Amino acid sequence: MSIHLNSVVSRRRFLGGAAVFSCLPSLSSLAAESESETWAFLSDTHIHADAGFVSRNETNLSENLRRVVAEVLAEKDSLDGVLIDGDCAFNVGLPGDYEQFAKLLAPLIEAKLPIHMTMGNHDDRGPFFQAFADQQAKNPPVESKHVAMVESRVANFVFLDSLRFVNKVEGEFGEAQLAWLDRMLAANPDKPTLLIGHHNPQVVPAGEVPADQPVKITGLIDTDPFFQLIANRPQAKAYVYGHSHNWGHKPDDSGFHLINLPPTAYVFDLARPNGWVKATISATDITLELSALDKAHPEHGKVQTLAWR
Ligand SMILES: [Fe+2]
């Protein structure tokens, strides 16, 4: 359970087919070294309004999420929360997509699991907020962006918004959001902090991105200033993202972890798994366990522990 620190929302509850946020007293600095919390990490659900819609690789998008939700629900008693890291909607974020998305999430909502979502490039904030009204902050800490900081028992989570243009491949945080992120990190230095956004890091040469026009760069076009900010904030331990539909993780030279979530939807490379990740977080590390939809996939059930820098 969680407390929002964005100065806008201290307690959010979603009714009627939307997400549930709720709160526990923060134990923050009292958390013992041995204490841990567990989250379900999902990404790239790509839900279409049509529950029977079949996409790339004969993937039934709703059926995949239905199966993942059932697996997550089976572990509800051990979970502190659920995150869905963008591309919630199929392609351009239509109202019917989010209506179907909310229906599929209903078992988790009824189980009162806190659910946090980010915006991907196939989402659209307007229809998203119409379907999930209480996700929208009354006074957004970053104008036109869907961001939040959540203090959980062991870790802090910063939910970032890298949606630049709907249905264009590049992502961008922007100067205002990065400044807000830096202020949040400066004000909350004590607990390991996970940064959650949709787009993968991508080195982009300076001056190659026009300010107000799409550009065909698959990834985060302001990766450089993002990483420069992180370098000065040692409590930032990992960036968790989706977008590439390619499960994997690696540390950078400083030991900051880049965690690329699998999609629940289709994969681009048939050798790669789809599914979700169970993440157990402590003061010293994070343990990741892939639950692939294909139980015969060689990476299904694999457990790996990544030490914090
Ligand atoms: Fe995606």
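A residue counts as buried when its relative accessible area is under 20%. The legends below describe close-up views of a predicted model.

**View 1. Histidine 46 in the loop between β2 and β3.** Histidine 46 has a relative accessibility of 1% and therefore counts as buried. Its phi is positive, at about 50°, although the residue is not a glycine. Most residues other than glycine have a negative phi.

**View 2. Aspartate 44 in the loop that joins β2 (36-42) and β3 (54-55).** Is aspartate 44 buried or exposed? With a relative accessibility of 0%, aspartate 44 is counted as buried. The phi of aspartate 44 is near 45°, which is a positive value in a residue other than glycine.

**View 3. Helix α4 (residues 175-187) beside helix α5 (residues 223-231), with axes that come within 11 Å.** The two axes cross at roughly 10°. Because angles under 35 degrees count as roughly parallel, α4 is described as roughly parallel to α5.

**View 4. Residues at the contact of α4 with α5.** On the α4 side, the contact involves Leu178, Leu181, Asp182 and Leu185. On the α5 side, these residues meet Pro225, Phe226 and Leu229. Asp182 in α4 is the charged residue, since Asp counts as charged whereas Leu, Phe and Pro count as nonpolar.

Technical notes
Residues are numbered from 1 along each chain as its sequence is written. This is a predicted model: local features need pLDDT of at least 70, side-chain atom pairs count only at pLDDT 80 or more; totals for chains, interfaces and linings use all residues. Side-chain values use heavy atoms; hydrogens and water are left out. Axes are lines fitted to C-alpha atoms, for helices over the stretch in contact, and angles run from 0 to 180 degrees between N-to-C directions. Helices (H or I, at least four residues) and strands (E, at least two) are DSSP runs, numbered from the N terminus. Angles under 35 degrees count as roughly parallel, over 145 as roughly antiparallel, 65 to 115 as roughly perpendicular and the rest as oblique. Contact means heavy atoms within 4.5 Å. Buried means under 20% relative accessible area, exposed over 50%, partly exposed in between (1.4 Å probe, protein chains only).
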